[in-house]
Amino acid sequence: MSGRDPFCQPRRIRRGAALTLVFTSVLVAGAATGALPQGEGKSAPDEARSAAAPLARHADVARAAEEAMADGKSPVEAARRAVSRSGDRWAAVYSRGEYEEFEDALDGRYTGVGLWAGSERDGRVEVTKVRAGSPAAGAGIRPGDLLRSVDGEKTDGRPVTEVVSLLRGDATDAPAGTTVRLGLERDGRTWTETLRRTRLSTDSVTVRELPGALTLIDVDTFTKNSGGQVRDAVRRAPRGAGIVLDLRGNSGGLVTEAVTAASAFLDAGLVATYDVEGEQRALHAEPGGDTTRPLVALVDGGTMSAAELLTGALQDRGRALVVGSRTFGKGSVQMPARLPDGSVAELTVGHYRTPSGRAVDGRGITPDLETDEGALQRAESVLRGLANHP
């Protein structure tokens, strides 16, 4: 449930991840932070640290958790304090349940009521979208309704991230089947709805036709099979049709899916390089992608991690014109480690670079054509120009 991106972090993930800064309207579950296949880690800042440093930090965090367990205290909270002291801005500690929730989100599943929401300038929280068939839709909640309270807690003036926590029942680790009471307002009329949280699936890729034989492929986040959906959308697009790949607000996700998406537009070759504790590795596109269609990638300050990796590959290899505003700048790799109580700590172990060797972390990607207003319209104009170019 979010303004653009239907994901938020697993419970309390925001303590360690800078996605907090861009997930201003997320009311679902499980934002991804650039996950690579298990054993390879996820998308990490601080190139100056030695290869041994991440291993030492993992040991410190594990030791803090173990000592807390021995003292009858919370190992998760102890691990979080250790992570906080480490200065690793992308690190996060998850309880066992939170990490399972996170993995579910990457598989395209989440627990929620089917609301997207955003903050108004006056501090009020407005429903921006309602998922068809969801508990919220069944209750008759509509876009434009104001969300005034959650379980009696006022929402006015609160960051949407806090509203997310209330909706999901983070304080009690509320599972699917539990209820949440929403205070709503529409055209001056106020009322209360009690909804039951349920398990929902996400549609992270949407495709629609634009005027002038253009196809828009909007990727909210890279969950399981989203790369394949991008590839299928490209194959189904009318012959010769220009494509707008909309990555605005895309928080990242599974790097393998971003590479599959890159393979839809590239004929093999390098997508990115990255390192894990000093060991250099590379990601390559599969052969056979469509290299002839005019392509524009739309980005903004909410484009991050795996979405930046994809953008950098398409830009460096001259495959797409990038339009919009500078991306977020998260080019980091986190590696998960299981703690003694079954919780998981994810700490920074490396960083990735674009095919030309550009570092993304802390810098972002600068579009070829910078624009804040009417970015989609500019993209359409550019595509039509490319289509008419001899």
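**Close-up views of an aromatic pair and a helix contact**

**View 1. Phe-328 is partly exposed, with a relative accessibility of 22%.** Buried denotes under 20% relative accessible area, exposed denotes over 50%, and partly exposed lies in between (1.4 Å probe, protein chains only). The model is predicted: local features need pLDDT of at least 70, side-chain atom pairs count only at pLDDT 80 or more, and totals for chains, interfaces and linings use all residues. Residues are numbered from 1 along each chain as its sequence is written, and side-chain values use heavy atoms, with hydrogens and water left out.

**View 2. The count of aromatic pairs comes to two.** Trp-90 and Phe-328 form an edge-to-face pair, with 6.1 Å from centre to centre and 65 degrees between the planes. This pair links distant parts of the chain, 238 residues apart: Trp-90 lies in the loop between helix 2 (75-86) and strand 1 (92-94), and Phe-328 in the loop between strand 16 (321-324) and strand 17 (332-338). Rings of Phe, Tyr and Trp (its six-membered ring) pair if their centres lie within 6.5 Å; planes under 30 degrees apart are stacked, over 60 edge-to-face, and the rest tilted. Helices (H or I, at least four residues) and strands (E, at least two) are DSSP runs numbered from the N terminus. Trp-90 is buried, at a relative accessible area of 3%.

**View 3. Helix 7 (residues 255-263) and helix 8 (residues 306-316) have axes that come within 9 Å and cross at roughly 25 degrees.** The axes are lines fitted to C-alpha atoms over the stretch in contact, and angles run from 0 to 180 degrees between N-to-C directions. The two helices are therefore roughly parallel (under 35 degrees; over 145 is roughly antiparallel, 65 to 115 roughly perpendicular, and the rest oblique). In helix 7, Val-255, Ala-258, Val-259, Ala-261 and Ala-262 meet Ala-306, Leu-309 and Leu-310 of helix 8, where contact means heavy atoms within 4.5 Å. The residues of this contact divide into eight nonpolar, no polar and no charged (nonpolar: Ala, Val, Leu, Ile, Met, Phe, Trp, Tyr, Cys and Pro; charged: Asp, Glu, Lys and Arg; polar: the others, Gly among them).

**View 4. Ten of the eleven residues of helix 8 are buried.** Among the buried residues are Glu-308, Thr-311, Gly-312 and Gln-315. Gly-318 follows helix 8 and has a positive phi, near 65 degrees.

**View 5. Thr-260 is found in helix 7.** Thr-260 is buried, with a relative accessible area of 18%. Not counting residues up to four places away in sequence, Thr-260 touches Gly-227, Gly-228 and Arg-231.
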